[in-house]
Amino acid sequence: MPGLPARCPRPRDLRRGAVLTWVFLVAVGAAASTGCWDRTGAAATAGSAAVLPSVRTSAPAPQASRPAGTADREAVARAAAEAVAEGKSGKKAAQEVVSRSGDRWGAVYDQGEYAAFAEDLDGRWTGVGLWAGRGRGGRVEVERVQPGGPAARAGLRAGDRLLSVDGHAVTGLAVADVVALLRGAAGTPAVLCLSRDGADFTETLRREQLRAEPVTVRELPGGITVIKVASFTRGSGERVRAAVHAAPAGARLMLDLRGNPGGLVTEAVTAASAFLDGGLVATYDVRGTQRALYAARGGDTTRPLVALVDSGTMSAAELLTGALQDRGRAVAVGTRTFGKGSVQMPTRLPDGSVAELTVGTYRTPGGRSLDGAGITPDVPADEGAEERARTVLGGLGVGP
């Protein structure tokens with residue numbers, strides 16, 4: 001970092017458009033409040049949000065009972081087709097219909113934006129290697145930086161205030177919009193204007209292809225194995241199973257889902273299979289048709305288990321927490337989770353853009369709806385949540 005802070009460039013007006021709203025890069029608490037999508041099925045190989053493996057793109061499903069506050073898929077597709085026929089933007093027309101519908105999680109993406117999902121769900125992305133979050137008064141702050149990434153090498157650190165990206169002011173923007181500015185092709189420059197301790201400075205970083213490890217493991221004194229799941233990207237469920245299998249004999253387990261924005265629901269179900277011997281994980285409906293998700297048999301059902309959660313625990317992470325809680329497998333410790341329990345499915349539009357529209361909701365094995373309610377922990381804890389979890393684990397005892 002330069003010895004003397006440089007003057008920040010004068011921000012230019014930002015032309016606001018639809019941007020990616022499922023962002024692995026900004027997986028931080030309420031700051032990601034517009035940023036998480038439940039994703040299930042093998043169709044996700046192209047970043048699809050298909051709920052069933054056979055569902056991929058635009059084949060319309062029967063219009064059964066449509067959840068309140070959601071967009072009508074036929075109306076969205078019709079608006080896009082009419083706009084394309086008139087030489088206008090199909091994406092923009094579709095987005096207007098979605099916006100008027102009140103679908104909180106509905107959005108429309110162009111082909112490039114939607115293709116970026118594939119990277120996100122693989123736990124990789126192109127950017128500068130920082131996690132952004134919402135601060136007071138609309139401020140955007142650096143929550144943390146990717147070790148070894150461009151931001152880390154430039155000396156950026158948690159708590160730095162982000163003022164602009166490539167001349168675009170970011171204060172007051174949705175975090176997803178900020179992420180869209182930070183992204184770009186590998187090797188391209190990103191000029192960041194920041195503030196630290198009242199002094200403004202600029203850093204020019206080169207975007208890189210980055211990768212994050214979604215599951216990390218550490219050992220605590222007293223025979224506690226902490227399994228931290230940052231997000232449910234591809235392969236994370238098997239990594240959780242491997243971590244449980246590799247834990248020392250007699251170890252107590254702490255599953256840390258704090259700040260986890262969700263991701264692929266199939267990965268969350270696989271993770272649930274590490275702690276359950278089969279049985280129901282969640283139910284969900286798609287336009288009135290009920291379906292269910294089940295754990296595989298053979299999971300570890302004897303070791304004491306605590307799930308650490310907070311307001312940044314979202315969607316697929318909430319689904320996992322609810323299953324472990326309802327099945328009596330884990331004690332949830334922390335603060336109430338975010339409350340994102342809806343199902344989105346994709347519709348390919350005439351201009352190649354994709355509309356992600358809400359079609360249903362998830363419920364825990366006990367029948368609790370996650371959407372808007374979240375998961376209430378068994379043991380409330382904010383500050384010192386991990387220490388509280390250790391105390392809870394100490395009182396659970398090891399099963400036979």
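A residue counts as buried when its relative accessible area is under 20%. By that cut-off, 54% of the 400 residues of this chain are buried. The model is a predicted one. The chain exposes about 16200 Å², and carbon and sulfur atoms supply 51% of that area. The secondary structure comprises nine helices and 19 strands.

Start with helix α2. This helix has twelve residues, 90–101. Ser89 caps the N-terminal end of α2. There, a side-chain oxygen of Ser89 lies 3.5 Å from the backbone nitrogen of Lys91. Lys91 is itself buried, as are Gly90, Ala93, Ala94, Gln95, Val97 and Val98. An α-helix has 3.6 residues a turn, so residues three or four places apart point the same way. Past the other end of α2 comes Gly102, with a positive phi near 85°.

Next, the sheet. Six strands make up an open sheet with mixed pairing. Their order is β10-β11-β12-β15-β16-β19. Which strands stand at the edges? They are β10 (215–220) and β19 (379–380). Each has a single partner strand, so one side of each is left without a neighbour in the sheet. Further in, β11 (residues 224–229) pairs with β12 (residues 252–256). The two run in the parallel sense, over five bridges.

Finally, turn to helix α8, residues 316–326. Why is α8 described as largely enclosed by the rest of the structure? Ten of its eleven residues are buried, and therefore the description holds. The buried residues run from Ala316, Ala317, Glu318, Leu319 and Leu320 through Thr321, Gly322, Ala323, Leu324 and Gln325. Just after α8, Gly328 has a positive phi of about 70°.

Note on methods: Residues are numbered from 1 along each chain as its sequence is written. This is a predicted model: local features need pLDDT of at least 70, side-chain atom pairs count only at pLDDT 80 or more; totals for chains, interfaces and linings use all residues. Side-chain values use heavy atoms; hydrogens and water are left out. Helices (H or I, at least four residues) and strands (E, at least two) are DSSP runs, numbered from the N terminus. The expected span of a helix is 1.5 Å times one less than its number of residues. Buried means under 20% relative accessible area, exposed over 50%, partly exposed in between (1.4 Å probe, protein chains only). A polar contact is a pair of N or O atoms within 3.5 Å; within protein, one must be able to donate a hydrogen and the other to accept it, and residues adjacent in sequence count only if both atoms are side-chain atoms. Two strands pair if DSSP finds at least two bridges between them. Accessible areas come from the Shrake-Rupley method with a 1.4 Å probe; for residues, only the protein chains shown count as cover.
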